[in-house]
Protein chains: 2
Amino acid sequence: MNDQGLLLVISGPSGCGKDTIISRVLERIGDEGFLSVSMTTRERRGNEVDGVHYYFVSQEEFQKGIEEDRMLEYARYGKNFYGTPVGPVRDLMRAGKTVILNIEVTGGKNVRRLMPDAVEVFVIPPSIAELERRLTGRGTETPEAIRRRMEIAKKELRHACEYDYIVVNDALEDAVDDVLAIIRASKLKTEKSTQKICEVMDYAES
Amino acid sequence: MNDQGLLLVISGPSGCGKDTIISRVLERIGDEGFLSVSMTTRERRGNEVDGVHYYFVSQEEFQKGIEEDRMLEYARYGKNFYGTPVGPVRDLMRAGKTVILNIEVTGGKNVRRLMPDAVEVFVIPPSIAELERRLTGRGTETPEAIRRRMEIAKKELRHACEYDYIVVNDALEDAVDDVLAIIRASKLKTEKSTQKICEVMDYAES
């Protein structure tokens with residue numbers, strides 16, 4: 001099974017702008033792209049739709065998913081689990097789609113284990129000072145919370161080198177074009193093209 | 001020495017359109033890109049300029065280049081040698097440029113040996129039938145010459161899988177955009193970005 005879709009993992013510290021980059025990329029690639037929906041054990045809120053915002057499952061179902069190696073990655077925050085079930089990702093990839101996974105650095109490692117063909121992108125801010133400026137600019141967090149986010153960000157940045165590509169989010173549209181180029185190029189990789197080569201050869205043996 | 005330029009090798013059978021793709025790509029990337037100039041022992045013709053069309057050298061000089069491992073790749077046609085001297089390529093890469101090498105399948109292997117970071121692209125026609133149609137359409141060659149070119153093309157296509165990327169030249173502008181995406185993505189590879197990461201971290205240790 002070659003010539004399938006593409007699994008694109010995107011990580012980066014809080015405040016690096018990866019959510020905005022992902023929405024723009026999805027706008028640009030249209031029907032070709034999907035954002036992976038996470039599974040969670042937390043309560044469904046107000047207008048959240050199962051299968052759209054999250055897959056809402058019980059603790060037992062989530063545990064079973066972990067035991068049966070059906071989670072691409074997962075993490076626990078407080079008493080709730082959050083993770084990526086592998087089934088829907090594989091279905092979309094089989095249909096030739098580009099699936100984007102917006103996950104934490106720790107999740108990236110597990111994805112690599114289960115899906116070695118995944119293409120992993122780490123988004124970095126132009127500088128640590130700029131990251132702090134952006135987090136402060138949001139005006140939604142206490143100085144203490146920002147300080148904590150900065151500590152986490154510095155720790156996460158040390159994992160950047162485990163990723164395939166580094167995108168610096170200085171000018172947003174450039175970063176979006178960078179990710180689009182990575183998607184386009186990844187689909188041209190020779191491993192993904194054996195079927196294309198066979199079609200061109202179109203003569204059985206010899 | 002990271003964050004250097006990029007060496008892009010482009011190969012593909014005669015008639016696949018790689019020369020046209022390369023000119024368009026060079027037009028699009030402007031000052032950033034250079035086509036590598038070959039070295040040859042053949043006589044200089046009419047308005048050919050040394051260092052522009054070829055580096056014209058003596059048999060002795062060429063031999064010395066081979067012996068001193070200063071040729072990225074070379075081949076002999078009749079009594080003349082043609083090849084790529086490594087010096088100018090390295091100089092351009094050190095200046096952060098993208099250097100394009102338009103070479104034969106046999107040359108690709110040697111480049112891989114001397115420059116393992118080179119990114120190699122193989123251009124294929126949409127089909128063998130279409131390749132034959134294009135070669136015939138040129139109207140410049142005898143049926144016998146075309147038959148021979150087709151045999152060589154089929155042999156070359158078997159080497160496609162040794163390359164990093166496969167670009168199908170069906171619609172020219174798509175193929176050009178494919179190569180541009182490969183260039184852009186290759187420059188974002190993590191191996192090329194250690195300096196970028198250090199700049200962002202901008203705090204010495206810890």
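In the predicted model, the axes of helix α5 (residues 128–137) and helix α6 (residues 143–157) of chain B come within 10 Å and cross at roughly 145°. The crossing of α5(B) and α6(B) is right-handed. On the α5(B) side, the residues that meet the partner helix are Leu131(B), Glu132(B), Leu135(B) and Thr136(B). Their counterparts in α6(B) are Ile146(B), Arg149(B), Met150(B) and Ala153(B). By class, the residues of this contact divide into five nonpolar, one polar and two charged.

Chain B also contains an open sheet of five strands in the order β2-β7-β1-β8-β9, with parallel pairing. Strands β2 (33–35) and β9 (165–168) of chain B stand at the edges and have a single partner strand each, so one side of each is left without a neighbour in the sheet. On average, neighbouring strands of this sheet are turned by 25° against each other, direction ignored. Within the sheet, β1 (residues 6–11) and β7 (residues 98–102) of chain B pair in the parallel sense over five bridges. Ile10(B) stands opposite Asn102(B) in β7(B).

Two helices of chain B lie across strands of the chain. Helix α1 (residues 18–29) of chain B lies across β1, β2, β7 and β8 (119–124), running at about 170° to β7(B). Helix α7 (residues 172–186) of chain B lies across β1, β7, β8 and β9, and runs at about 170° to β8(B).

In chain A, strands β5 (residues 71–77) and β6 (residues 80–85) pair in the antiparallel sense over six bridges. They form a hairpin with two residues between them, and Gly78(A) in the turn has a positive phi of about 60°. Tyr77(A) stands opposite Asn80(A) in β6(A).

Helix α4 (residues 105–114) of chain A has Gly107(A), Gly108(A) and Val111(A) as its buried residues. Seen down the axis of α4(A), these residues fall within an arc of 105°, so they line one face of the helix. What covers them includes β1 (6–11), β5, β7 (98–102) and β8 (119–124) of chain A.

The contact between the chains takes 29 residues from chain A and 28 residues from chain B. On the side of chain A that touches chain B, β9 (165–168), α7 (172–186) and α8 (194–201) each supply at least two residues. The largest share of this side, five residues, comes from α7(A). By class, the side of chain A that touches chain B has 20 nonpolar, three polar and six charged residues.

Methods:
Residues numbered from 1 in each chain as written. Chains lettered and ligands numbered in written order. Predicted model: local features only at pLDDT ≥ 70, side-chain atom pairs only at ≥ 80, totals over all residues. Contact = placed C-beta atoms within 7 Å. Helix = DSSP H or I, 4+ residues; strand = E, 2+ residues; numbered from the N terminus. Nonpolar A, V, L, I, M, F, W, Y, C, P; charged D, E, K, R; others polar. Pairing = 2+ DSSP bridges. Buried ≥ 20, exposed ≤ 12 C-beta atoms within 10 Å, placed from the backbone. Arc of directions from axis to C-beta. Axes fitted to C-alpha atoms, helices over the stretch in contact; angles between N-to-C directions. Left-handed = near helix turned anticlockwise from the far one by under 90°.
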